[in-house]
Amino acid sequence: MTILFLGLLLGFRWLWQAWNPIPEHPPIRQGVIDLGHWDFEQSPSMLLDGEWAFYPGQLEGTPFGEPRYVQVPGSWGEAMPDGEAYGSGTYKLTILLKEQPEQTYGFWIKRIEAASQVVVNGETQSAFGQLGLSKDQYKPSRWSYTATYSNVDGKDSIELLVRVSNYDNPVRGGIVVPIRFGSQAAIDGERWYSIGFQLMTFVILMLHGIYAIILYIFNRKQYAFLVFFMMMLSSALSIITIHDKLILHWLPVNYTWVVKLGSISYVMLTYFMLMLTRIFSGSVSDGRLFRLFSWLFVAYVITIMVLPIDTVHYLSSLRVGLFFYVVPVVWFLYLIGKMVVNNHSGSIFLLLSAIGVISSIVWGLLNTYGMNYTEYYPFDVIAAIIGFSSYWFKLYFRNAAENAKLNEQLRQSDKLKDQFLAHTSHELRTPIHGIINIAQTVALRERQSIEDRSYKDMELLITIGRRMSHLIEDLLDLVRLKDKHVVLQMRPIPLQSIAEGVIGMLGYLVEQKPVKLASRIPDFFPVVMADEKRLAQILFNLIHNGIKYTEKGEVFVEAAIIQGRAVVSVTDTGAGMDEATLARVFLPYEQGHSDNGGIGLGLGICKQLAELHGGTLTARSWPGKGTEFQFTLPLADSQSPDGTGDPDAAAQPWNHVWAAEESPLLAHEESGSWIELAPPEMGTHGVKQNILAIDDDPVNLQVLAGILGNDSYTITPAANAAEALKQLENGQWDLVISDVMMPGMSGYELTKAIRERYSISELPVLLLTARSQQADIYAGFSAGANDYLTKPVDALELKYRVWSLTTLKRSVTERLRLEAAYLQAQIHPHFLFNTLNSILALSDIDPDKMRKLAEAFTSYLRISFNFLNAGEMVPFAHELKLVRSYLYIEQERFGSLLSVEWEIDANIDLMLPPLSLQPIVENAVKHGALSRAEGGTVVIRIIRRGQDTLFEVRDNGKGMTQQDADSLLQHVFGGTGGIGIANTNRRLAQRYRQGLTIVSVPGTGTTVSFAIPMEQQKKDQPGE
């Protein structure tokens, strides 16, 4: 695309050169040019550049004396007597023509330093500036003008005299741009085409600039618009001050300011172009360098403006301005290249602008330094403007797309906000339902023991709790109102009774404040047509708002009938609001004073609910005096406009409503009757089951304790997951009940942590949450939860679910114990057969040893079949006796092949799970010591340590890899020949939070150990 654009620019430039050719003409030598064979009708104008005759110091009449010859265009300094550019003189050129009567010729003088006058064949043309032989007599001018000559007499030559004075430019004087000569038609056409293109470009630039400055006025933060305006203004100024000096036709600008404005406009153009590109690229790394350059630039501009004109010309000759012209261009190209390399969006358009700018600069410099004298070419500037505009349009459409995306994100955020409000409302609902559940539990448990007055108080507590629950649930109406899902249940309602009820509910808020709540609605006020729940919500929010902003005074409700409608007023004598606050008081999330709590939803909900009733809600406020809210409601029947009517008839509907509300406590429905909670039989062997309850809200913990604490459960509370994990280390638990939404670690994460230690059957987990979305339920079960309940929970449902899970836990525990006892009772036939054979063999050899072996075998059988093995705990002596009997039998059978070493501390008296040590010893004998042909040794070590008692069984058998040793703990059963290592490990882990430790080295032997903490030993002692 860049190559194509460059090709287009070069193509336009080529076409322009072809359309405006500069023809080759005969050379000018010693002030004479021969155009006798020149066709003026068919040829464009030519440049009269060459060797002109020059007469220094002569301004009047026909030049005389020997001329000096100077090169035009160029400075006349070498032809001056003192060699300086200051002075006066006359240029002379003789143009030889063929006889061509009635031919009109034209001369286009573009730039002469600094005052000039043209004389053609003795005809004096208008002077531009004032000629003079000294600075006091002369006045400079920078006009671009034309002169014409009609060859009426058919002369064969033209004597062209150009009188010039210069006392302002110390560097260049005289004809510095070649004069164009041709037919008048050719000169006029070329000049007006040039002026027309300059005007067109000027208008385009100014329109873009005006558009940009208007946008900047409307949005002052968009600094780029101001910079773009300055760039367009600088570019436009350069056009009307450099080429044909159009500014002189519009404004009374003198020579000095034309020169200065032309010099400043060029450097301002490139400076603001650089500044705009920096804004587009977001360049910040070169900020210090750019500020330094900016200070130098400003200093240069101010210097140009205040210095005299001759000094300005001198600085221009030193190319000082070229530095401030070229440096921004190079910097600009660097930034554009960087944006292209970094794939900056739309940077290709800036690259196209850069190409246009470079083309314009190159051709402008060629024109300035006399290497090209084509007419004004507008397309480079237009191409640059198109590039900048295209980038801006690209930026606009990108921003529009981003805005559309942001709008969609805002809509999604608004939806999420509504969901957040709904979820928050659910969470707010939970404590109220906790109050209701506690009250229900207390009422059921203490119904026969409490007085009627206390029972009535419990009824009141339940009623207030239900009312509060309804009001909190009304917060969800913000979402429903927005989605237009609220449907009113309209019926006749006594306004005065609703107001009294709401005031009664809010009375506790003013117990510690000098604020009086009052209803001034007369008892006989006509009933209104409204939704009772919504009307109570409106009054609740308005009265609560008045209490919140009133520190001292009164909040009261009034009602009147105006134009056939009930007008209800809620007035307070509080802080009041100013006009700005009053204007936004009904907007969502707006509050009168940010330090009074709340989230600013109540008044907006009230307004929408009032409008749903066919009325309006308005507010009036007086800062420091109070606020009045008014809303209107339709009347229920044809009451008289003055509010009179039958008082009994007016009050009757409210009595009917109260009759529906005065239902007994803990009703299944508000208008139903009591349901007696008959909890199922709970517990095992009369022992209470331990439940760990985790919730960051203490109210919820009290609710759980109230519902479950006095049945068959012991409730231990934990305020967070970290505390719960510590509690799990310090006790035996039958169930974990956890809230999901907790700070730090959620209920899901806590469940995952529990599952790393306990299986789903070893320790059930019940999750409670206010959310009931499918994704939440799936997440709970994925984390390892056994069950899931949505808050607020029903007390009866909670009890049965707890009973179900604790029963599961007990069943698993019983299964493990029974499994151990069953496997122990299933004595391996091979062991039984070999033992009996050993007894029979000894009967003939050694009757005494036979008798001892028989006694040991009998003891082993008796202990193996003992009912204690099915219990939860047995004394250490019981377990040790079983082990000794087993080892005696095996030693008698295998003789010297089996050696047993004992290391047991004295006075060890503790309880431990049955069949904890014997399976380990049996495995050490069978798979350890006897695995070698030469036999082996089993070392039994039971010692006290600092915080526990260590049980260790070590053999010097063939051993196994550590991977095989670890896999033994993963099996459900240890095999048909014994109790099983896996069973023992699981039972120990349940009891002591840590199971067996197996360390084995192939060829060396195996060590199996476990520890019983001292603290747990104390708890397990009988009577503890």
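Modeller: The answers below go from the whole chain to a sheet and then to the nonpolar cores.

Colleague: What kind of model is it, and how are residues numbered?
Modeller: This is a predicted model, in which local features need pLDDT of at least 70 and side-chain atom pairs count only at pLDDT 80 or more, whereas totals for chains, interfaces and linings use all residues. Residues are numbered from 1 along each chain as its sequence is written, and side-chain values use heavy atoms, with hydrogens and water left out.

Colleague: How many helices and strands has the protein?
Modeller: The protein has 29 helices and 32 strands. These are DSSP runs, numbered from the N terminus: helices are H or I with at least four residues, and strands are E with at least two.

Colleague: What share of the residues is buried?
Modeller: Of 1024 residues, 49% count as buried, meaning under 20% relative accessible area with a 1.4 Å probe, protein chains only.

Colleague: Now the open sheet of five strands: what is its order?
Modeller: The order is β15-β17-β18-β20-β19, with mixed pairing. Two strands pair if DSSP finds at least two bridges between them.

Colleague: Which strands stand at the edges?
Modeller: They are β15 (515-519) and β19 (617-622); each has a single partner strand, so one side of each is left without a neighbour in the sheet.

Colleague: How do β17 and β18 pair?
Modeller: Strand β17 (residues 553-562) and strand β18 (residues 565-572) are antiparallel over eight bridges. For example, Ala560 has Val567 in β18 as its bridge partner.

Colleague: Which residues have the most contacts inside the largest nonpolar core?
Modeller: That core has 68 residues, and those with the most contacts inside it are Phe228, Met231, Leu276, Phe280, Phe388 and Trp392. A nonpolar core is a set of buried Ala, Val, Leu, Ile, Met, Phe, Trp, Tyr and Cys residues joined through side-chain atoms within 4.5 Å. Helix α5 (residues 255-281) gives the most to this core, with 14 residues. A second, separate core of 47 residues includes Leu488, Leu506, Leu535 and Ala619.

Colleague: Turning to Leu798, is that residue buried or exposed?
Modeller: Leu798 counts as buried because its relative accessibility is 0%. Leu798 lies in helix α22 (residues 795-825).

Colleague: What is Leu798 in contact with?
Modeller: Leaving aside neighbours within four places in sequence, Leu798 is in contact with Leu704, Ile707, Leu766, Leu789 and Val793, where contact means heavy atoms within 4.5 Å. The C-alpha atoms of Leu798 and Leu766 are separated by 9.8 Å, and the two residues are 32 residues apart along the chain.

Methods:
Buried means under 20% relative accessible area, exposed over 50%, partly exposed in between (1.4 Å probe, protein chains only).
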